[in-house]
Amino acid sequence: MTEPNPMVSPTSSRSVTDTVNGSHKFVIQGYSLAKGMGVGKHIASDNFTVGGYQWAIYFYPDGKNPEDSSAHVSVFIALASEGTDVRALFGLTLVDQSGKGKHKVHSHFDRSLESGPYTLKYRGSMW
């Protein structure tokens, strides 16, 4: 049995997780001309950077999949840079041309703390 060494001092460590906030405004001019371009066809935003990662927004005026109703649009946020298991919270809101009508599409900020951020697994992952 070894005796405790009185010369050993306690150690400690810390892990800090940074949170980065950002926003991107994607304006679609001529929306009425885009409607009817076909299911699965999209309009993409320019890439933008938040938290050291590139992101893009994909807007499908007639829906992304055939089962989507043409009366509805689809909107996705996508990881546009290399990365694995990128964790993010995000909200998407559509604003009509008057700028007054706002329609929340989705927000991960409403999730419970237990479910945590959404994880995008690889470049091209979309939610």
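**Note on the pocket, core and ring contacts**

1. Strand S6 contributes the most to the lining of the largest pocket, giving five residues; strands are DSSP runs (E, at least two residues) and helices likewise (H or I, at least four), numbered from the N terminus. The model is predicted, so local features need pLDDT of at least 70 and side-chain atom pairs pLDDT 80 or more, whereas totals for chains, interfaces and linings use all residues. Residues are numbered from 1 along each chain as its sequence is written, and side-chain values use heavy atoms, with hydrogens and water left out.

2. The largest pocket holds about 1700 Å³ of space. A pocket is an open set of points, on a 1 Å grid over the protein atoms alone, where a 1.4 Å probe fits, with protein on both sides within 12 Å along at least five of seven lines; lining residues have an atom within 4 Å of a point. Of the 41 lining residues, His24, Ile57, Ile77, Gly91 and Leu92 are the closest to the pocket's centre.

3. The charged end of Lys64 sits over the ring of Phe76, 5.8 Å from its centre, the cut-offs being NZ of Lys or CZ of Arg within 6 Å of the ring centre and within 35 degrees of the ring normal.

Methods:
Points joined across faces, edges and corners; volume = space filled by probe spheres on them.
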